[in-house]
Amino acid sequence: MMDLRERIIADPQICQGRPCIKGTRIMVTVVLDNLASGMSIDSLLTAYPSLSASDIQAAIAYAASLADERVVPLPA
């Protein structure tokens, strides 16, 4: 399993403490929102050249770990 601390950081001095890809100001939510809207990984890597495929995988793994932690009620 990937150690998310190698790729994801939450620092109060960067993006108001929101989780970001380490070494960038690209928030995890930006990566996930783009993927959720249908953007391909290749397009995401082109749009954000400072990202790597491993960074994107870490963002997905981060989201999966959050989904495992709590249940968010979805509207019916």
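Modeller: The chain contains three helices and two strands, helices (H or I, at least four residues) and strands (E, at least two) being DSSP runs numbered from the N terminus. This is a predicted model, in which local features need pLDDT of at least 70 and side-chain atom pairs count only at pLDDT 80 or more, while totals for chains, interfaces and linings use all residues. Residues are numbered from 1 along each chain as its sequence is written, and side-chain values use heavy atoms, with hydrogens and water left out.

Biologist: In what order do the elements run from the N terminus on?

Modeller: The order is β-β-α-α-α.

Biologist: Where is T24 found?

Modeller: T24 sits in the loop between β2 (20–21) and α1 (28–36).

Biologist: Is T24 buried or exposed?

Modeller: T24 is buried, because its relative accessible area is 14%; buried means under 20%, exposed over 50% and partly exposed in between, with a 1.4 Å probe and protein chains only.

Biologist: Which backbone atoms lie by a polar atom of the T24 side chain?

Modeller: The backbone oxygen of I21 lies 2.8 Å from a polar atom of that side chain, and the backbone nitrogen of I26 lies 3.0 Å from a polar atom of the T24 side chain.

Biologist: And what is T24 in contact with, leaving aside its neighbours within four places in sequence?

Modeller: T24 is then in contact with I14 and S50, where contact means heavy atoms within 4.5 Å.

Biologist: What separates the C-alpha atoms of T24 and I8?

Modeller: They are 9.7 Å apart, for residues 16 apart along the chain.

Biologist: Changing topic, how many disulfides are there?

Modeller: The count is zero, a disulfide being a pair of cysteine sulfur atoms within 2.5 Å.

Biologist: How much of the chain is buried?

Modeller: Buried residues make up 21% of the 76 residues.

Technical notes:
A polar contact is a pair of N or O atoms within 3.5 Å; within protein, one must be able to donate a hydrogen and the other to accept it, and residues adjacent in sequence count only if both atoms are side-chain atoms.
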